Structure formats: C-alpha cells, structure tokens
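The following exercises are to be worked through with the coordinates at hand. Each task is followed by a solution in steps.

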Amino acid sequence: MPKVVTDVTCPFCGTLCDDLEITVSDDNKKILSVKNACAIGAEKFNHTKEPGRVTHPRMRQPDGTFKEISYDEAIDFTARMLVKSRKTLMYGWASTSCQAMSIGHEIAEKVGGIVDNCATVCHGSSLIAIQDVGIPSCTLGEIKNRADRVIFWGCNPAHAHPRHMSRYSIFPRGFFTVKGHKGRKIYCVDCRHTDTARVADTFIQVQQGYDYELLNAFRTAARGGPLPDEIGGVPKEKVYEVVEELKTGRFGVIFFGMGLTHTLGRNHNIDIAISFTRDMNEFTKFNIIAMRGHWNVTGSGQVLSWQYGFPYAVDLSRLDKARYQTGETTSVDLLTRNEVEACFYIATDPGAHFPIAAMISSSKKPTVTIDPHINCTTEISDVHIPVAMVGVETGGCAYRMDNVPIETRKVVDPPEGLLTDEEVLTRILNRVNQLMEEA
Amino acid sequence: MSEFLIKNGYVYDPSQGINGERHDIAVKDGKIVESASSGATVIDAKDKAVMAGALEIHAHIAGPKVNVGRWYRPEDKLFHSYKRGESTRIEGGFSIPTVFKTGYEYARMGYTFAMEAAMPPLYARHVHEEIHDTPIIDEAALPVIGNNWFMMEYIKNNEIENNAAYVAWLLRQTKGYGIKIVNPGGTEAWAWGLNCLTIHDPVPYFDITPAEIITGLIQTNEFLGLPHSVHIHQNSLGLPGNYTVTLDTLKLAEGHTAKNRFGRKQVMHSTHLQFHSYGGDNWGNFESKAREVMDYVNRQENITIDTGNVTLDETTTMTADGPFEHHLHGLNHLKWANVDVELETAAGVVPYIYSPNIKVCGIQWAIGLELALFSKDPMRTFITTDHPNAGPFTRYPRIVTWLMSKKARDDQIKAFKYSDKVVDATEVASIDRELTLYEIAAMTRAGPAAALGLSQNYGGLAPGMNADIAIYNFNDETTDPAAIEKAYGNVAFLFKDGKICVRDGVIVDPGMKHTFWVDVKVKENKQVMHDVREKFLKYYSVNEGNYLVPESYAPHQHVIALDATQ
Amino acid sequence: MVEKITLNLITCRSIQQGVGMEAGKTSKKYFDACSIIEMHEDDMKNLGILKNTNVRVTSATGSVVVKAVTTRQELVPGLAHIPMGPWANRIVSAYTYSTGEPCFKGFPVEVEPAPSEQILSAVDVVKDACGLLKK
C-alpha cells in the first residue's frame with residue numbers, strides 16, 4: 001500500500017513551505033506523487049525517480065574521465081587535501097541541514113578552512129546593510145494576519161518563490177485580514193514588468209540601477225521633502241501618491257530580492273530600504289523582509305553566527321580565532337585573487353552560479369564536491385562524493401527566510417549505499433583527526 | 001566514575017546554613033556523598049571558598065534575538081577573542097559571545113546552570129539548537145507567553161484550566177521550563193506600533209489588561225504546580241517614573257499561594273528590577289527608587305527578584321519588549337533590529353553604551369547595586385545583569401566585587417564624570433553594607449535554585465545533591481577588590497556532575513550538559529486541542545505537525561515530569 | 001539595422017531555471033531555460049534577427065553564445081536578461097566592490113547575431129572556460 005507522508009517541508013527555496021503531502025511506495029523507495037508543491041518543488045521530489053543517479057564517489061582521471069572509487073578512498077582523499085591545504089575554501093551549505101553544517105564547521109576549525117555560504121552571491125549585501133543599520137522585521141505569519149500594504153521590490157516571487165504569494169503575502173486570509181487579497185494593496189517595483197508585477201495593484205517601473213535614488217525619494221516623500229520631477233524614470237507625483245497610501249495602511253511590509261542586492265550600490269540599496277522602513281514606523285507599522293533564496297542559506301548564517309559570530313565568509317584559517325571581512329574572506333574574491341590552496345564544495349554549484357573568473361581559478365586547485373547530483377562543479381572537481389538529498393532522502397533542521405526553524409523530513413530511502421551529508425562529514429572529520437594525530 | 005575529596009575549604013552553603021566553616025566535601029559518581037573512600041583523589045582547598053555551582057536565573061544566551069545580536073554586530077568580536085585552548089572550540093564576542101564562549105565563560109566563573117530567559121515558541125527549535133551547542137553548563141529556556149493569543153483569549157474568558165492545558169501543551173512542544181511574561185499586552189500592541197505602559201492599559205483588540213494577564217498566568221502556574229513561578233518583565237521597562245508600575249505589578253502577587261512539590265514558596269519572579277526602579281519623570285530628574293521598591297519586596301515574601309546590574313560596558317540590548325527597543329533606538333539612534341512573531345511575541349535588539357561619562361548610566365549602575373544592598377533576604381534576591389541588557393554576564397566578578405567592597409563602589413563613584421549628580425540621585429554612596437560570601441552564595445546558588453524549584457539537587461552541597469561545585473581562590477578574609485574579581489572570574493576548580501571541567505580558570509573537559517524541561521500531564525482537553533488545530537490551520541505560517549521540538553534537540557535531557565490531573 | 005547592439009544586461013532567476021535546476025544541470029529543461037537571452041522585440045528588430053536565433057553576447061569579461069528569445073517578464077528596449085546559470089556567468093564580472101557580491105545585474109554587453117554558432121552545454125560552457133574541454 002502506498003503511504004502518504006504529511007507536513008513535508010520543501011527543500012527548494014527560502015519560503016520553506018511545510019504543507020507538502022507526498023505519496024510513497026510501500027517499500028519506501030519511490031515517490032509516487034507530490035501534492036501542494038510548486039512546479040520547482042515538485043520537480044525536486046520527482047527528480048529522485050530519474051534514472052542515472054550517481055551512487056558512488058568518482059575521481060577524475062588525467063584524461064578527464066571519471067572513475068568510480070569507494071567512499072573510503074574519497075574520504076581519505078578529501079581529508080588529506082584538507083589537512084595539507086593551509087587555507088581551504090569550504091563553500092556551499094545552503095542545501096544541507098544545520099546538523100551537517102555543525103560537523104563541517106568542526107572540520108574547518110581543525111584544518112583552517114574558510115566557511116562561506118550562498119549568501120555571498122545572494123543576500124550578502126543585505127547582511128552587510130543590516131550590520132550597518134539593523135532591520136525591523138517580522139515572521140511571515142504576521143504578514144498573513146496583519147499586512148494591508150505589501151511591496152515587492154526587486155524581487156519576482158512568482159518565479160523564485162512561487163508559493164510565497166499564496167501562503168503569506170498576497171492572497172491568504174488571516175486574523176486581521178479577513179478579506180485576503182481584497183484587503184491588501186500590492187505594489188511591485190521592478191525594472192521589468194514581471195509576473196509578480198501582473199498581480200500587483202500598482203506597478204512602478206524603475207530604470208535599471210536606479211533603486212537607490214527611488215528609495216531615497218520614498219524616504220524624502222515620507223518626510224514631506226521636495227523631489228525632482230522624475231526619479232529613476234518614475235514621476236514624483238507617483239512617489240508622493242504611493243507613500244501617502246503606505247502611510248494610511250495599518251501594517252506595511254517590503255519584500256526585496258536580488259534586484260537590490262545585485263545592482264550597483266549593493267548594500268547601500270538595502271541600507272536605504274531599511275532606513276525607509278524604519279522611518280515609516282513613525283507613521284504606522286512597517287517591516288522589511290529579505291527574500292532569501294536557497295532553502296537553508298538562512299540556516300547556514302544562523303549556525304555560523306552562533307558558533308563564530310558572523311553570518312557568512314567566516315575565516316577560520318588562523319585556527320584560534322574567527323575572522324570576517326567581506327571582499328576579503330568572501331568566496332568570489334578569495335578565488336579571483338587565488339588566495340586558497342584547495343576547494344571543498346558542499347550542497348551547492350558554484351560552477352553554475354559564480355562568475356567564470358572565480359571558477360577558472362577554482363579549477364586549478366585540488367577540489368572536492370559533495371552533492372547528490374552531477375552539476376557544473378562536480379565535472380571540474382577532482383572528486384565528487386554523491387550523497388542523499390537532504391529534505392527528501394534524509395531530514396534535518398532548516399531556517400526559513402524569516403529565520404523560523406523548520407524540520408525537513410525524510411520521505412524516501414536514498415538509493416542503496418548512498419551516505420548522507422552528516423555521515424560523509426563525520427567520516428571526513430574522523431579521518432582528519434587521525435591524520436593530524438599521525439602528523 | 002572517579003571519586004574526589006575536597007579538603008580544608010571554607011564552605012559557603014546557605015541551603016544547609018553552612019557559613020564559611022571548614023568542611024570536607026566528598027564526591028562520588030556525580031553526586032555529593034557523606035564520605036569518600038581512601039582511593040579518592042584529594043583536592044586541597046586550603047584558604048579557598050567552596051560553593052555549589054552557581055545558577056543563572058535570567059540571561060539571553062541562546063535563540064533568535066541573541067543570534068541577531070551576534071551576527072549584526074561583527075564589531076563585538078573585535079578585541080574580544082580568546083586564544084584557543086587545547087580541548088576547546090574557537091571563542092568570540094564580548095557582549096554576545098558565541099555559544100562556545102558562553103559555556104566556557106560561565107564555567108570559568110563557577111556557574112553550572114543558566115536559564116535562557118525568553119524563548120519565542122515558534123523559534124524554540126533555534127533556541128534548543130544553540131543550547132545543544134553550548135558546552136558544559138546545564139540549561140533551560142522559558143517560553144514567552146505574556147502576549148500569546150491563546151492565553152489572552154482563555155484568560156479573558158476566565159478559563160484558567162484551559163489556559164493551563166495550553167501551557168502544558170506548549171511546554172511539551174517547545175521543551176520549555178516555565179512561564180515567561182514580557183511586557184504583558186504591550187508586545188501584542190507593538191504589532192500595531194503601540195504599547196501598554198501601565199497594568200491597566202487595554203490590549204488592542206483583545207480587550208484584556210496586563211494586570212489580568214499577570215494574574216491569570218499566576219493562577220495557571222500554580223494550577224500546574226510548575227517548578228518555577230511566573231517570571232515577569234513588567235510593563236514600562238526603562239522609563240523614568242516606572243517604579244509605580246513596578247509596585248502595582250508586584251502587588252498582583254498578593255493573595256496567591258505557591259502550590260508545588262519543589263519547595264518553591266514564591267508565586268512571582270520579578271526580573272531585572274533595576275530597569276523598573278526609576279523615579280523622576282524625565283531623564284533630567286531621573287533618580288533611584290530602589291529603596292521604595294525593595295521596601296515592598298522585603299515585606300512581601302511572595303516574590304523573588306533579580307537585579308539586572310549595569311556593568312558600565314558597551315553592550316547589546318535585546319528583549320521581547322519590542323516597543324522598548326524602538327524607544328531606545330529613538331534615544332541613541334544605533335542600529336535597530338526587530339522581529340514580531342505571529343500569535344506569540346516580538347523581540348528587538350539595539351546596541352547600547354553604558355558610559356561612566358553619562359549621568360543616567362551612573363544612576364542605573366547605582367540602582368542595580370542598591371537593590372542587592374537593600375535586600376533583607378538574599379534567598380529572594382539574585383544577581384543578574386539581564387545579560388546582555390545591562391551588561392555581559394562575564395562581569396559577574398566585578399559586580400560581586402562592588403557588592404562585597406564599599407571601597408570598590410567608592411572608587412567607581414569617583415570615576416564617574418558626574419559623580420555628584422549620581423550621588424544626589426541615589427543612595428549608593430551612603431550604604432556601608434558589604435555582602436559576605438555567604439550572602440553571595442545565597443544570591444547566586446541556594447536562592448535561584450529554590451526559585452527555580454531545583455533546590456533538591458542543585459544550589460547546595462548536602463550529600464545526595466548533584467556534584468556541581470565551584471572552588472575559588474578567596475575567602476571572607478579577602479578584601480582587595482582586584483583579588484576578589486580575579487578569583488571569582490577564574491575558579492580554581494569547577495566540578496560539573498562530579499567531573500572536573502575547569503582547573504585554574506582553564507577549561508579541561510567539555511562536560512556533559514543537560515537540557516532541563518518540564519513535562520506536565522493534564523486532563524485531556526478537547527477544547528484546547530481544537531483551538532490549537534484551528535489556529536494552526538488559519539493563522540500560523542507553519543503546520544501544527546512541524547511545531548514540535550523533538551527530544552533529540554535536548555541533549556541528555558533532564559525532564560521534570562509533573563501530574564496536574566488531580 | 002545594425003551589426004551589433006549594446007544592451008544593459010541583468011541576470012535573474014526564472015521559474016523555468018528553477019525547474020530546470022531541479023531536473024538536473026545536464027537536463028534539457030535546464031539547457032532550454034538558461035542558455036537564452038531575453039530581449040525586447042524592438043532590439044531584435046534593430047539587430048535584424050528573429051526569435052530563437054543564436055547570438056553572441058560579449059561583455060568586458062567574456063563572451064558566450066546563447067539563443068535570443070522574447071519573454072513575458074516584459075523588458076524595456078535596451079534591457080536584456082540571461083537567466084542565472086553558467087552561460088550568464090561567462091560574461092558576469094567577478095569584481096565585487098569589496099562586498100563579495102559580483103556584478104550580476106546592470107552591465108553593458110554587445111549582442112551580435114551568430115546563427116551558425118553552437119551553444120555549449122551547461123557543463124561544457126564551464127569546462128571550456130577552464131581549459132578542460134576536449135576539442
């Protein structure tokens with residue numbers, strides 16, 4: 001008899017929907033159907049059905065082909081690489097559990113690694129801004145229950161966080177928001193007329209790269225100051241009008257994404273968005289939330305913070321203290337400046353998502369990648385260690401974009417013989433300890 | 001397990017009335033025993049003070065707001081990292097140390113237990129993840145309930161039994177220890193940008209007052225017979241003239257009787273009272289009302305308090321009192337972080353510099369000390385810094401020094417830029433009292449253990465009790481303030497569960513920490529389970545099935561099981 | 001009509017990119033979703049190309065061949081989008097302004113028709129740059 005696993009948490013994006021229902025064959029081996037997930041989440045669970053999954057570690061040969069090796073060999077290679085390298089980039093972590101991260105950090109402390117997560121190319125700018133000006137924020141349930149003014153700025157949840165709008169931000173009826181969508185005014189600020197813009201009541205098309213100027217204008221308008229006729233392609237009348245509407249709301253929120261963090265100005269764009277939010281609290285209740293991307297990139301930031309005090313780019317290479325300096329200990333900078341001696345990637349694919357200059361540097365160094373699937377990084381690594389998919393084939397703690405911790409579940413067995421991240425990392429740690437004692 | 005005999009020490013144990021007498025303490029299998037066999041390892045404690053491991057009753061050391069403090073203040077790590085030891089993890093941070101440093105620092109000062117004072121239920125898993133990673137010390141966490149929607153609805157309808165069933169359910173879900181109230185009603189109001197500044201201000205929409213919330217939760221607490229009393233951070237924290245609100249709140253404890261099997265006698269713990277003992281009506285005529293407040297506390301045996309001593313450091317304030325942090329940000333304009341938590345609570349974080357060059361900070365410093373020095377019952381008065389709000393817990397050695405030495409206090413008063421104004425607005429300069437080690441032991445060991453319902457096994461050195469023992473290089477003869485501070489900050493030995501974890505201030509063993517939580521059995525309550533189901537379906541953003549913190553998150557859990565079905 | 005056109009490029013997520021990523025980096029879904037450049041119709045007209053023509057996109061950092069398409073995520077003339085992925089990253093500058101964050105959005109590129117050039121696969125487009133592609 002197939003069985004249904006309920007309350008399943010989706011390991012794709014920072015929305016971390018936890019209401020999936022997954023039907024599994026009675027031998028626990030196959031996913032038969034996925035309910036409640038978005039297209040991307042469904043694809044992730046269904047992917048387990050695809051043939052051709054790698055089930056053994058692989059080592060790249062001089063001719064560029066890969067040869068299967070045992071876990072023991074792969075772990076020994078990895079441990080030796082880590083012990084030998086004086087500075088290892090240990091990047092990724094956004095798609096694994098907090099428990100696995102903890103083990104990874106212990107390894108990094110031993111061998112002098114630099115632990116960085118996907119925030120480094122994603123919401124790193126936001127983290128820098130929050131370190132500068134703080135952040136007034138709330139959980140997503142607060143939005144559902146109270147928000148009547150919702151702004152999406154430089155983000156496109158219709159594509160990147162598909163169920164965000166129906167679960168939290170636009171459509172749901174909550175305690176004080178019994179009218180649901182009808183009781184909310186939705187704004188979208190973007191340089192493209194996106195699918196998110198289509199569901200907004202008001203679309204404000206900002207010229208690409210002019211978000212800082214426009215946010216500055218919002219701030220000025222909130223304080224009743226004068227504006228030039230046009231700001232980033234937006235007429236000043238529009239700015240005054242929108243700000244007045246925001247002030248008449250009872251509870252407002254800004255969701256922002258890569259449109260702010262990636263464009264010129266980076267952290268300064270977030271800084272002023274936060275400052276605007278803070279100013280708005282003089283008039284009404286206002287919050288701001290970063291649309292975190294990977295399902296557990298937030299978790300990596302949390303674990304690093306409680307263990308070392310910094311949310312990403314944590315340099316442990318001095319062995320006795322943790323350091324953090326963006327631009328210096330951040331992955332892309334470390335790689336382009338050729339400052340690391342080896343690369344250790346886990347639960348991520350920098351090959352696909354880092355600028356090519358960084359990956360050219362990476363490909364010249366001893367590299368180990370731990371990932372369930374073949375991807376752009378595994379193919380330029382020396383060793384690829386396949387593992388069970390966290391959130392599908394093994395569980396563990398994850399943190400949602402609003403920092404709420406939610407457990408991911410194991411719904412099916414991993415393919416025969418496949419280890420989990422936690423198991424692989426524990427074995428690497430043990431091997432590192434052995435090698436260091438021998439030395 | 002190994003056996004120890006601690007010889008020749010001066011023992012300070014208020015739980016047995018032992019005041020500095022020489023006593024040998026024997027330890028076997030993690031417990032204190034009557035006598036040791038000849039094979040026991042002898043620890044020479046000559047000229048040293050021997051006390052039970054200290055218990056921290058109120059600190060913010062694990063969880064979401066603490067971690068915001070850590071990561072949004074990289075500057076807090078500058079200059080404050082330790083060289084890593086042989087068997088320890090990397091340490092970092094000053095006002096909000098990392099979990100590793102937190103565990104080590106408590107242990108170095110002789111602490112073996114710490115209460116995380118504010119756990120937002122929705123974030124309970126996060127709190128427990130941090131507790132899990134904090135070495136050596138035992139920990140527990142108090143879920144914040146003073147602005148919880150379920151609670152407000154039950155209490156408004158006078159349904160104490162339903163509220164009790166809900167609280168029991170919540171403690172089990174969150175692996176919590178007791179009932180924490182923070183700015184009752186005010187934090188819910190803050191979700192609309194408002195506040196409740198007196199105990200009679202109605203909560204928007206919910207149509208209930210802070211006074212009703214507090215009373216209802218005291219009744220709930222005693223209905224369940226929890227080990228700890230309700231633990232309250234009152235309305236109007238940190239505002240000039242708030243001592244009247246404080247007295248109004250404390251009076252709510254009158255007429256209630258503690259009902260529990262742990263020997264706890266009080267029904268209310270009023271926390272960080274320093275922040276609530278302010279006179280004047282603005283920062284210009286701001287003054288101490290510690291005497292007025294302590295006069296009441298000394299008379300009213302139904303309550304315990306902790307001080308919340310200002311340590312005169314740069315620190316990071318953090319509290320579930322969301323509106324207060326917004327107010328504080330308005331005063332100092334430093335970076336403000338806030339998180340409102342659906343149906344439950346909120347929290348804010350703002351850095352703060354308690355400068356000896358600012359008059360108000362000097363007065364706050366004085367008030368914290370006055371509370372302890374005016375106390376007639378050290379068993380009901382506990383030392384805290386409301387870490388990290390009034391200062392980091394790592395300053396306990398300095399606070400103990402101020403309390404034990406008038407000279408140390410006078411030196412500090414002299415060092416203030418506005419000494420005269422501080423002296424005018426307070427009484428600290430005219431207090432000659434110097435606390436004894438016996439009184440310090442009551443305020444940090446026996447007292448908090450009793451208030452937490454743990455006095456059967458913790459906070460004392462009687463045979464049968466847990467072998468959590470701190471041995472310090474000082475005694476009642478020690479008068480040099482610098483020597484007191486140094487000794488209190490670096491235990492000669494710390495035994496945790498009968499094992500030596502610290503020796504001469506150096507961590508030698510990661511110990512075996514326990515997470516304490518309270519599991520109360522209540523009568524099956526269909527109404528409450530129905531309400532839970534409905535609220536999760538309609539208003540929470542997580543599924544009910546994902547709310548529970550599994551027991552695997554509580555390492556070596558110490559479950560206090562209660563039966564409230566009778 | 002011109003031989004080359006200069007556009008302002010951004011790289012973003014798209015739902016097809018997300019689905020493709022989960023289907024696998026070597027999947028057709030991923031290839032179809034990410035080895036494209038979304039352009040405004042006016043810009044295509046200007047360049048004299050039809051939808052689904054291969055084009056070469058060149059920035060100060062590098063050059064890559066992708067397929068020109070139109071999109072529902074409406075662009076203004078002069079603005080173009082390549083979904084985040086290895087093709088986009090061949091032309092994204094790694095300069096981070098000391099923030100750690102590369103220049104993923106808002107940089108000038110030249111687009112020219114390249115109807116006879118092949119689009120490399122996701123893995124090959126990375127290997128090619130790293131000198132690991134066997135020719």
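Two residues are in contact if their C-beta atoms, placed from the backbone, lie within 7 Å. The model is predicted: local features need pLDDT of at least 70 and side-chain atom pairs count only at pLDDT 80 or more, while totals for chains, interfaces and linings use all residues. Residues are numbered from 1 along each chain as its sequence is written, and chains are lettered from A and ligands numbered from 1 in the order in which they are written.

**Exercise 1. The chain interfaces**

Determine how many residues chain A and chain B each bring to their contact, and name the elements of chain A that take part.

Step 1. Chain A contributes 54 residues and chain B contributes 45 residues.

Step 2. Helices (H or I, at least four residues) and strands (E, at least two) are DSSP runs, numbered from the N terminus. Elements of chain A that each supply at least two residues of the side touching chain B include strand 1 (3-8), helix 3 (98-111), helix 4, strand 8 (134-138) and helix 13 (297-308).

Step 3. Ala, Val, Leu, Ile, Met, Phe, Trp, Tyr, Cys and Pro count as nonpolar, Asp, Glu, Lys and Arg as charged, and the others, Gly among them, as polar. On this basis the side of chain A that touches chain B divides into 21 nonpolar, 18 polar and 15 charged residues.

Step 4. Chain B and chain C do not touch, and their nearest C-alpha atoms are 15 Å apart.

**Exercise 2. Domains of chain A**

State the domain assignment of chain A and describe the contact of domain 2 with domain 3.

Step 1. Domain bounds come from an automatic or database domain assignment. For chain A this gives domain 1 (3-47), domain 2 (58-122 + 295-438) and domain 3 (124-290).

Step 2. Between domain 2 and domain 3 of chain A, the C-alpha centres are separated by 34 Å. Their contact takes 10 residues from domain 2 and nine residues from domain 3.

Step 3. The side of domain 2 that touches domain 3 comprises six nonpolar, three polar and one charged residues.

**Exercise 3. Packed helices**

Characterise the packing of helix 9 with helix 12 in chain A, then that of helix 9 with helix 11 in chain B.

Step 1. Axes are lines fitted to C-alpha atoms, for helices over the stretch in contact, and angles run from 0 to 180 degrees between N-to-C directions. In chain A, helix 9 (residues 211-222) and helix 12 (residues 267-280) have axes 9 Å apart at an angle of about 15 degrees. Helix 9 of chain A is therefore roughly parallel to helix 12 of chain A (angles under 35 degrees count as roughly parallel, over 145 as roughly antiparallel, 65 to 115 as roughly perpendicular and the rest as oblique).

Step 2. A crossing is left-handed if the near helix is turned anticlockwise from the far one by less than a right angle, and right-handed if clockwise. The crossing of helix 9 and helix 12 of chain A is left-handed.

Step 3. In chain B, helix 9 (residues 290-299) and helix 11 (residues 359-374) cross at roughly 30 degrees, their axes coming within 9 Å. This crossing of helix 9 and helix 11 of chain B is right-handed.

Step 4. Ala290(B), Arg291(B) and Met294(B) of helix 9 meet Ile367(B), Glu370(B), Leu371(B) and Phe374(B) of helix 11. By class, that contact has five nonpolar, no polar and two charged residues.

**Exercise 4. Burial**

Is Val234(A) buried or exposed?

Step 1. A residue is buried if 20 or more other C-beta atoms lie within 10 Å of its own, exposed if 12 or fewer, and partly exposed in between; C-beta atoms are placed from the backbone. Val234(A) is buried because 21 other C-beta atoms lie within 10 Å.

Step 2. Val234(A) belongs to strand 13 (residues 234-235) of chain A. Neighbours within four places in sequence aside, Val234(A) contacts Ile204(A), Val206(A), Leu214(A) and Val239(A).

Determine how many residues of helix 4 of chain A are buried.

Step 3. Nine of the 10 residues of helix 4 of chain A are buried. Their cover includes helix 11 and helix 12 of chain A together with helix 1 (64-72) of chain B.

Step 4. Gly134(A) follows helix 4 of chain A and has a positive phi, near 80 degrees.
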